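Trainee: I am new to this structure. Please take me through a few of its residues.

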Amino acid sequence: MATSATSVSPASNSVTWRGYKTASLPSVPHWVELLGRAGYIAKGVVYFVVGFLAFQLAIGAGGQISGARGAIREIGQQPFGRVLLGLIAIGLIGYTAWRLVQAGKDTEGDGTDAKGIAKRTGYVISGISYLLLGFFAASLALGIATSSGQSDAGQGFLLGSLWGRIVLGLIGAGVIGAGLAFGYKAYNAKFMTKYNLAEMTEKLRTIALYAGRVGLTTRGVAFILIGGFLLSSAVQGTSSEDVTGLADALAVIASQSYGKVLLAVTGFGLMCYAVHTLMQGWFRVFNVSKL
């Protein structure tokens, strides 16, 4: 069981806090650090808007059920919206580059065994999803019209054949697995080892720990909902209840008994995830090469 004490090793000046110690990571060039920090911050802003809009709707103060794309549209409607969208696009594309570097250069020290390869493949998949989101933000910033409903069309296409339904089922199972992985990350809180704990106050460390746990749990629940409905669609061969993204998952939560309470909790959880991501952008340790 981890203790609440904070200790400092005189030899390395590294801090151990509640059993967590900053990890020793492979070195990266300075430009990788810049991409990573910008990407985490852009991602955090998007998730904070999603959570804030859901929370507002739950307490009757406006707001709406929105996924990441809806949040980006909302950002574009603010003063200097196109400038903000441009910055978000740059940040998200930077986050994509960071994810690809994580996979290619093994910046997390995951290794080349089966577990390590699976994690590094996940970084690539995550990077591609945020690349598409970055392109979406860029298209709005440039005033280029974008279409919607592509996820529904893709799901309908897969349901048109047995092999398509198998693929959809595997995707659903994979998304559920990712949701469970988020829950495990929340439980073991290993993300704390990626912070530069020596530069953080006691209060900031505590915020990082609990925001990460609540945020990752909330995101995990959303993934499990999305994966469950994809798997259900694959088994039943119908897409009558499409749940293909975060906005759909939030709509399902809102439709339950005590939906507003659940939506408020979920919105708060997504804002916690945003805080977790923003703090990674500010305090994450990058072993920057001196070369």
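Trainee: Which residues is His276 in contact with, leaving aside its neighbours within four places in sequence?
Mentor: This is a predicted model in which local features need pLDDT of at least 70, side-chain atom pairs count only at pLDDT 80 or more, and totals for chains, interfaces and linings use all residues. Residues are numbered from 1 along each chain as its sequence is written, and side-chain values use heavy atoms, with hydrogens and water left out. Contact means heavy atoms within 4.5 Å. By that rule His276 is in contact with Phe191, Tyr195, Ala211, Gly212 and Leu216.

Trainee: Is His276 buried or exposed?
Mentor: Buried means under 20% relative accessible area, exposed over 50%, and partly exposed in between (1.4 Å probe, protein chains only). His276 has a relative accessible area of 4%, so the residue is buried.

Trainee: Which residues do salt bridges that share partners join into one network?
Mentor: A salt bridge is a side-chain nitrogen of Lys or Arg within 4 Å of a carboxyl oxygen of Asp or Glu. Lys194 and Glu108 meet in one at 2.8 Å, N to O, and Glu108 and Arg284 meet in another at 2.5 Å, N to O. Arg205, at 8% relative accessibility, counts as buried. The network that shared partners make consists of Glu108, Lys194 and Arg284.

Trainee: How many residues apart are Glu108 and Arg284?
Mentor: Glu108 and Arg284 meet in a salt bridge. This pair links distant parts of the chain, with Glu108 in the loop between helix 3 and helix 4 and Arg284 in the segment after helix 9. Helices are DSSP runs (H or I, at least four residues), numbered from the N terminus. The separation is 176 residues.

Conventions:
Helices (H or I, at least four residues) and strands (E, at least two) are DSSP runs, numbered from the N terminus.
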